[in-house]
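This report goes through one chain, from its surface to single residues. The sequence and the structure come next.

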Amino acid sequence: MAAYLVYTTPDGLYKYLQTISIYAVMPITPAIVFGIMSKRVTVLGAIASVLTGIALATVCVADQLMGVAAGTSFSPGCTAG
């Protein structure tokens with residue numbers, strides 16, 4: 001499956017790997033940053049942040065994959081570059 005996605009990506013392997021890595025890091029980053037910066041962040045807040053980020057990243061990945069096939073994009077905020 002991943003080999004086919006790399007093959008069909010017109011921008012090449014590097015752009016594909018960068019896109020996948022940002023979607024993997026995006027959900028975790030706010031929990032880490034706000035956990036370091038504030039003592040008011042709780043474990044439940046961090047878990048909620050990560051789960052929300054995973055849901056948004058899933059929507060963006062699905063949009064990107066369907067947009068390539070359909071030639072359109074659901075949301076311009078989900079572009080990786």
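## Surface and burial

The accessible surface of the chain is about 6,100 Å², as given by the Shrake-Rupley method with a 1.4 Å probe, where for residues only the protein chains shown count as cover. Carbon and sulfur atoms hold 74% of this surface. Of the 81 residues in the chain, 15% are buried; buried means under 20% relative accessible area, exposed means over 50%, and partly exposed lies in between (1.4 Å probe, protein chains only).

## Model and confidence

This is a predicted model, in which local features need pLDDT of at least 70, side-chain atom pairs count only at pLDDT 80 or more, and totals for chains, interfaces and linings use all residues. Residues are numbered from 1 along each chain as its sequence is written, and side-chain values use heavy atoms, with hydrogens and water left out.

The mean pLDDT of the chain (the predictor's confidence in each residue, from 0 to 100) is 79, and 79% of the residues score at least 70. Helix H1 (residues 2-8) has the lowest confidence, with a mean of 73, while H3 has the highest, at 90. Where pLDDT is low, the predicted coordinates should not be read in detail.

## Secondary structure and contacts

The chain has 4 helices and 0 strands, in the order α-α-α-α from the N terminus. Helices (H or I, at least four residues) and strands (E, at least two) are DSSP runs, numbered from the N terminus.

Among contacts in the chain with a separation of 6 or more, 42% join residues 24 or more positions apart. Contact means heavy atoms within 4.5 Å.

## A nonpolar patch

Ile 28, Ile 32, Val 33, Phe 34, Ile 36, Met 37 and Val 41 make a nonpolar surface patch of about 700 Å².

Ile 32 belongs to helix H3 (residues 29-37). Its relative accessibility is 47%, so Ile 32 counts as partly exposed.

Gln 64 is in helix H4 (residues 43-70) and counts as partly exposed because its relative accessibility is 30%. Leaving out residues up to four places away in sequence, Gln 64 touches Thr 19 and Tyr 23. Gln 64 and Thr 19 are 45 residues apart in sequence, with 9.8 Å from C-alpha to C-alpha.

Leu 51 also lies in helix H4. With a relative accessibility of 53%, Leu 51 counts as exposed. Its C-alpha atom is 7.3 Å from that of Pro 27, 24 residues away along the chain.

Terms used. Patches are made of residues with over 30% relative accessible area and no salt bridge: like charges are joined within 9 Å, nonpolar side chains (Val, Leu, Ile, Met, Phe, Trp, Tyr) within 5 Å. A salt bridge is a side-chain nitrogen of Lys or Arg within 4 Å of a carboxyl oxygen of Asp or Glu.
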